[in-house]
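Please look over the sequence and the model before reading on.

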Amino acid sequence: MQWIIGRIHAISKFNSPLAVTVDCGKNSMSVRWLDANSQVDPSLLRLGSCPPTQVSVKPQGSEAVFYAEFGACNIRRMVTLHELVFETEITSTTLSKATPMSYPVTCKYERPEDWTPPRYDPVLFHTHGQGELSFRMDFMKDDFSGVATTTTFSLGSTIPIAASLDQKAHQPLILLLDECLASTTPELGPDSHIYPLITNKGCLVDSKKTNSMFLPRTQSSEIRLSLQAFKFAIGEEVFLHCRLVAWDPRDLDGSKKACHYDRNSSRWVLIDDPSRSSLCSCCDTNCQGRKKREITADGASKPLKTS
């Protein structure tokens with residue numbers, strides 16, 4: 001994989017001599033932050049969600065060094081027709097919302113010709129002994145009283161989505177959204193332009209930068225999502241590709257969960273039991289879980305338009 005450019009843009013509000021450099025590696029980035037007259041403790045800086053790997057305060061200035069693999073630290077991946085883009089920000093945990101500090105960091109690479117986004121083969125879902133399961137996913141009216149009459153949404157508006165599970169005579173199961181991607185194509189392929197919404201086994205990563213969130217459940221066999229219409233292929237059809245999981249509600253773990261980011265408390269929250277939100281702590285790294293039988297469905301792609 002050849003990189004096109006690795007760069008950082010710094011917009012300082014402190015009028016201090018600041019130098020920030022980024023080195024884009026094959027699967028990671030290294031970032032060096034140096035401020036000759038810093039008003040910020042370098043140990044409190046974050047690259048995405050990760051603290052510095054090395055800090056120092058010297059007469060010539062404060063320094064913070066970060067090393068992060070692309071699958072960690074809440075580094076976002078964006079895929080275009082010709083590029084793979086990895087981006088995040090350097091922020092400070094001490095500054096108030098009224099005086100934000102943000103230094104965008106970007107690494108761009110040529111998109112390999114044979115690159116394709118993750119895809120799943122359709123599966124038949126049958127239980128062993130107590131009947132079949134049926135999955136469904138729809139865009140809903142604002143009050144969830146029925147299926148939406150339109151799939152066109154204005155930028156920034158709320159898109160109500162509900163997924164449900166008809167478990168018939170099966171033992172009670174909980175429905176989870178394991179992964180959701182937005183794409184400009186009804187089938188994922190090499191030319192697909194994708195935008196990740198839910199990744200890392202149930203982490204609503206879009207909630208870290210938008211007002212998207214999971215909504216409280218009314219029943220375990222349904223999961224509701226309030227998605228903020230995002231700036232992605234404006235005016236074009238956008239398709240949602242989601243992977244649904246039916247699971248034992250008594251056995252949630254790091255790989256079977258529904259988590260969104262609460263920006264007021266700056267932490268990930270497990271929607272089904274906030275007291276067990278530690279299960280979401282892996283959302284900024286790599287979530288793993290025990291290997292057990294699960295019942296999954298790759299929901300049919302759902303088209304929507306933003307305007």
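The second largest cavity holds about 30 Å³ of space. A cavity here is a set of points on a 1 Å grid over the protein atoms alone where a 1.4 Å probe fits but cannot get out, and a volume is the space filled by probe spheres set on the points, which are joined across faces, edges and corners. The model is predicted: local features need pLDDT of at least 70 and side-chain atom pairs pLDDT 80 or more, while totals for chains, interfaces and linings use all residues. Residues are numbered from 1 along each chain as its sequence is written, and side-chain values use heavy atoms, without hydrogens and water.

**Cavity**
- There are 2 cavities of 30 Å³ or more.
- Lining residues, which have an atom within 4 Å of a point, include Met137, Ile161, Leu225 and Cys242 in the second largest cavity.
- Its lining is made up of 8 nonpolar residues, with no polar and no charged ones (Ala, Val, Leu, Ile, Met, Phe, Trp, Tyr, Cys and Pro count as nonpolar, Asp, Glu, Lys and Arg as charged, the others, Gly among them, as polar).

**Nonpolar cores**
- A nonpolar core is a set of buried (under 20% relative accessible area, 1.4 Å probe, protein chains only) Ala, Val, Leu, Ile, Met, Phe, Trp, Tyr and Cys residues joined through side-chain atoms within 4.5 Å.
- Leu177 and Phe214 touch the most other members among the 49 residues of the largest core.
- A second, separate core has 28 residues, including Ile75 and Tyr109.

Notes
1 Å grid on protein atoms, 1.4 Å probe; cavity = no way out; pocket = protein on both sides within 12 Å on 5 of 7 lines; lining within 4 Å. Buried < 20%, exposed > 50% of the residue type's maximum accessible area, 1.4 Å probe, protein only.
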